[in-house]
Amino acid sequence: MTVLAPRRSALLLLSALALGTGIAAAQSKSGEIRIAHIYSKTGALEAYGKQTQVGFMMGLDYATGGTMTVGGKKLVVIEKDDQGKPDVGKSLLAAAYGDDKVDIAVGPTSSGVALAMLPVAEEFKKILLVEPAVADAITGEKWNKYIFRTGRSSSQDAIANAVASDADGVQIATIAQDYAFGRDGVKAFKDQLKKTRIVHEEYLPPATTDFTAGILRAVEALKDKPGKNNKFIAVVWAGATNPFNALAAMDLDKRYGIRVGSGGNILPAMVAYKQFPGMEGATYYYFGIPKNPVNEWLVANHYKQYKNPPDFFTAGGMSAAIALVEALKKTNGDTATNKLIKTMEGMSFETPKGKMTFRAEDHQAMQSMYHFRIKVDPAFPWGVPELVREIKPEDMNVPIKNKR
């Protein structure tokens, strides 16, 4: 019989313990699916980010039947605040993939942050599911195969609003934020108009609070144009401050026959819409419009938990969560990137907006939009968007811009 020296015995024991610890850690890791949610907890788009976070967590709960597990693996969500800053978002995503060993990332809120994050997903060869940033470039010229998006694109916004507003003789001046969201939105809107003419484009800093000068320039471009009820200022704006109160205070319809148009927005911003009864546009979501079981669950449970209805980006967050869970169910919890990509390309899934489908060519979620008309209802503090018609995916020829 061989007798081991005490020192050698101790070394072997330590090695065995270390090996056992490593195995336990690997087993613990293999029993989890780690998801980074990077969004604007703070900053100009904080309200949007919070809604997305609430919707995302509710969506995980809904899609997993309350178990927060898929394929026997626990879903672990790691939240990070990009503050709406591209450099911060980029570094947080790298840390999530590298240090936190996340399998998938979701976010961000800002288009500028998203564009900075795209190359990081490609570098680490991990999926980034974009929600709710909208710039066309995300699934366009800046896209790579690791990028999917449940959020709508600027083109989807623009096509839907063009359907709602394009008519002979209509002339529009636009007021938009001077960054990717605003400029992409106006460009996509222009590209889709067949009859309407854009006579002026006004771009203002994203944090603008005094809109007077910008509005006056738009008015100057429109006021002497001929015709009645055919002149509009179209607003493409996101964030806590917006030009609607300033536009209402100028009483432009009465003075110059200039009306206001815009797409949908979060409920606090739509309080200002009450000043524009009859205003038409197209929206991504309003809780009272879609009629389907997923939206019914979201509305009922949001009222139960938060005593108010779900908002614009709550639905988006839930859609992103459902998409991820559905993909993971199909792979039985396997997070191998190439397997997930193959699974998600062309995949359809049910959301609060009804069915979405990831287009294989650019991974953009094809989805319905809603042509609305604003009604003033004393029961609600905001202007209520009443459905004119659902604009279905097949009604929108959304261009593929990634040159894949």
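Which residue in E4 does Ala36 stand opposite? The residue opposite Ala36 is Ala105 in E4.

## Basis of the model

This is a predicted model, in which local features need pLDDT of at least 70 and side-chain atom pairs count only at pLDDT 80 or more, while totals for chains, interfaces and linings use all residues. Residues are numbered from 1 along each chain as its sequence is written, and side-chain values use heavy atoms, with hydrogens and water left out.

## The sheet and its helices

An open sheet of mixed pairing is formed by 6 strands in the order E2-E3-E1-E4-E5-E6, where strands (E, at least two residues) and helices (H or I, at least four) are DSSP runs numbered from the N terminus, and two strands pair if DSSP finds at least two bridges between them. Strand E2 (69–70) and strand E6 (147–149) each have a single partner strand, so one side of each lacks a neighbour in the sheet. Strands E1 (residues 32–39) and E4 (residues 104–106) run parallel and are joined by 3 bridges.

Helix H3 (residues 86–98) packs on the sheet and touches E1, E3 (73–81), E4 and E5 (127–130), contact meaning heavy atoms within 4.5 Å. Its direction makes about 155° with that of E3, the axes being lines fitted to C-alpha atoms, for helices over the stretch in contact, with angles from 0 to 180 degrees between N-to-C directions. Helix H12 (residues 312–330) also packs on the sheet, touching E1, E2, E3, E4 and E5, and its direction makes about 165° with that of E4.
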